[in-house]
Amino acid sequence: ADGVMSMLLILLLSVASAFLDPLEGDVRAVYSTLAGVLLAGLYSVTFILLAMVLTAFCHRAAMGSQDELAILTLGKPPSTTSLLEGLGALCDAIQEVDGEFLIQTIDEFNVYDRRMLAN
């Protein structure tokens, strides 16, 4: 939905820039209609997002929980057992890896990855 809204805003700006030069007749009517359609699409997507958020407020006890609506969290989160298995496999792999290789790999991380790893 964010991508659609961004695309509609960009298209709306493109159409609005056509009005910088004086337009007349059929060309002006086409651009006016196109701008109206883009605005209607933008408002529709905004309304759909608002309706989904209001539905989530009524549907779930707490936003961000395991049972949150998948459309609002960009997919279902992994189950606790599969997450635990993945973390266990990661711990085993870290213990088997050479310490120098691990240091080199962490040195190549950017600042955001380092912060995420630290937290």
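Among contacts in the protein chain between residues at least 6 apart in sequence, what percentage join residues at least 24 apart? The figure is 30%. Keep in mind that this is a predicted model.

Start with the fold. The protein chain has five helices and zero strands. Read from the N terminus, the order is α-α-α-α-α. The chain has 119 residues, and 11% of them count as buried.

Now two long-range pairs. Take helix α1 first, residues 2-17, which contains D2. D2 and T46 are 44 residues apart along the chain. Their C-alpha atoms are separated by 9.3 Å. Is D2 buried or exposed? D2 is exposed, because its relative accessible area is 60% and the cut-off for exposed is over 50%.

The second pair is Y43 and M5. Y43 sits in helix α2, residues 25-59. Between Y43 and M5 there are 9.0 Å, C-alpha to C-alpha, and a sequence separation of 38 residues. Y43 also counts as exposed, at 58% relative accessibility.

Next, the surface. Which residues form a nonpolar patch there? They are L83, L87, L90 and I94. Together they have about 360 Å² of accessible area. Look at L90 in particular. L90 belongs to helix α3, residues 80-96. Its relative accessible area is 47%, so L90 is partly exposed rather than exposed. For a patch, a residue needs over 30% relative accessible area, so L90 at 47% clears that cut-off.

L90 turns up again in the largest pocket, as one of its lining residues. So what is the volume of that pocket? About 200 Å³. The lining is made of L90, I94, L102, T105, I106, F109 and L117. I94, like L90, is in both the patch and the pocket lining. Which helix gives the largest share of that lining? The answer is α4, with three residues. Helix α4 spans 99-107, and α3 and α4 each supply at least two lining residues.

A word on how such spaces are found. Rolling a probe the size of a water molecule over the atoms shows where empty space is left.

Last topic: charges. How many salt bridges does the structure hold? One. Side chains of opposite charge can pair when their charged atoms come close. Here the partners are D107 and R114. Their side chains meet at 3.4 Å, N to O. That counts as a salt bridge because the cut-off is within 4 Å. D107 is exposed, at 53% relative accessibility. R114 is partly exposed, because its relative accessible area is 37% and the partly exposed class runs between the buried limit of under 20% and the exposed limit of over 50%.

To recap. The chain is five helices with zero strands. The nonpolar patch has L90 among its members, and L90 also lines the largest pocket. The one salt bridge joins D107 and R114.

Technical notes
Residues are numbered from 1 along each chain as its sequence is written. This is a predicted model: local features need pLDDT of at least 70, side-chain atom pairs count only at pLDDT 80 or more; totals for chains, interfaces and linings use all residues. Side-chain values use heavy atoms; hydrogens and water are left out. Patches are made of residues with over 30% relative accessible area and no salt bridge: like charges are joined within 9 Å, nonpolar side chains (Val, Leu, Ile, Met, Phe, Trp, Tyr) within 5 Å. Accessible areas come from the Shrake-Rupley method with a 1.4 Å probe; for residues, only the protein chains shown count as cover. Helices (H or I, at least four residues) and strands (E, at least two) are DSSP runs, numbered from the N terminus. Buried means under 20% relative accessible area, exposed over 50%, partly exposed in between (1.4 Å probe, protein chains only). Contact means heavy atoms within 4.5 Å. On a 1 Å grid over the protein atoms alone, a cavity is a set of points where a 1.4 Å probe fits but cannot get out, and a pocket is an open set with protein on both sides within 12 Å along at least five of seven lines; lining residues have an atom within 4 Å of a point. Grid points are joined across faces, edges and corners, and a volume is the space filled by probe spheres set on the points.
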